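Trainee: I would like to learn how to read a structure like this one. Please take me through it feature by feature.

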Amino acid sequence: MTEPQIEVTPTRESPLHPGVKLERRLPPFYAAFFYAFPGAVAWIWLYFQKPGLSASLWMPADWPRCLAIGAVAGLAVVGVSILLGKRFAWTRRLEAVFGWFLGAQKTWEIVWIALLSGCAEEYLFRGALQVKFGIWVATAVFAVIHWPLNPNFLPWPFVAAVIGLGLGGLAQWTGSLVAPAAAHVVINLINLRRITRRFGVWDEERANRYVDTGKDS
């Protein structure tokens, strides 16, 4: 069955330049360009520590087990995020802000961005940084990187710290990047899809009502 076509609100007004319209999506080319940088840094870093280290982190003998562990962990985090959204306004506010910026992403773009972000970020943080400096330094840097300019994103680095610590634990437990990358991809894939389904059509009043009450209508 083909996916039903949903009319989305494709643009948003620039907060800095009124009247200038910005896309409510991250173009796939820009996503690839953006995430190529941490991937390249991680590869170079690990190569100079030990040639072949990247291969051992990405291709463990028990990769099916690692993949399954990561997928289950990712689903667990998604479940917790749904429960938090039902309970706390700050979680719903984060969803709404992400919806304002990324609500017009197409399904294939979401898959692409989830794969890129999950693999590149885990390669850098749980790969290069954690291997060299340990889980606490890698988690702290991961949280700081997510520090926002928009005050509505203020809880985001604290959420990133908790999730990053869990992803670091997966890397330590399994001895590979497959589990944390799988979890990261699942989290981004499902949560971004949930956000685009809710906020594809942008309605300020409806979004504010959702943040305040947890209800769309």
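Mentor: Start with a term: a salt bridge is a side-chain nitrogen of Lys or Arg within 4 Å of a carboxyl oxygen of Asp or Glu. The model is predicted, so local features need pLDDT of at least 70 and side-chain atom pairs count only at pLDDT 80 or more, while totals for chains, interfaces and linings use all residues. Residues are numbered from 1 along each chain as its sequence is written, and side-chain values use heavy atoms, with hydrogens and water left out.

Trainee: How many salt bridges does a search of the whole structure find?

Mentor: Side chains of opposite charge can pair when their charged atoms come close. The search finds six salt bridges. One of them joins Arg-209 to Glu-205, with 3.8 Å between the closest N and O atoms.

Trainee: Where do Arg-209 and Glu-205 sit in helix α9?

Mentor: Helices are DSSP runs of H or I with at least four residues, and strands are runs of E with at least two, numbered from the N terminus. Helix α9 covers residues 204-213, and because Arg-209 and Glu-205 are four residues apart in it, about one helical turn separates them. For accessibility, buried means under 20% relative accessible area, exposed means over 50%, and partly exposed is in between (1.4 Å probe, protein chains only). Arg-209 is partly exposed at 28%, whereas Glu-205 is exposed at 59%. Elsewhere, salt bridges that share partners join Glu-95, Arg-194 and Arg-198 into one network.

Trainee: Are Glu-122 and Arg-126 buried or exposed?

Mentor: Both are buried. They form a salt bridge whose closest N and O atoms are 2.8 Å apart. Compare Arg-65 and Asp-62, whose salt bridge has closest N and O atoms 2.9 Å apart. Here Arg-65 is partly exposed at 39% relative accessibility, and Asp-62 is partly exposed at 28%.

Trainee: What span does helix α5 reach from its first C-alpha to its last?

Mentor: The expected span of a helix is 1.5 Å times one less than its number of residues. Helix α5, residues 107-133, has 27 residues and reaches 37 Å, close to the expected 39 Å. A bend at a residue is the angle between axes fitted to the seven residues ending there and the seven starting there. In α5 there is a kink of about 30 degrees centred on Glu-122, a residue that also takes part in the salt bridge with Arg-126. Just after α5, Gly-134 has a positive phi of about 100 degrees.

Trainee: What is the count of disulfides?

Mentor: A disulfide is a covalent bond between the sulfur atoms of two cysteines. The rule applied is a pair of cysteine sulfur atoms within 2.5 Å, and the count comes to zero. As for individual cysteines, Cys-66 is buried at 0% relative accessible area, while Cys-119 is partly exposed at 31%.

Trainee: Which helix holds Ile-195?

Mentor: Ile-195 lies in helix α8, residues 178-199. Ile-195 is buried, with a relative accessible area of 9%.
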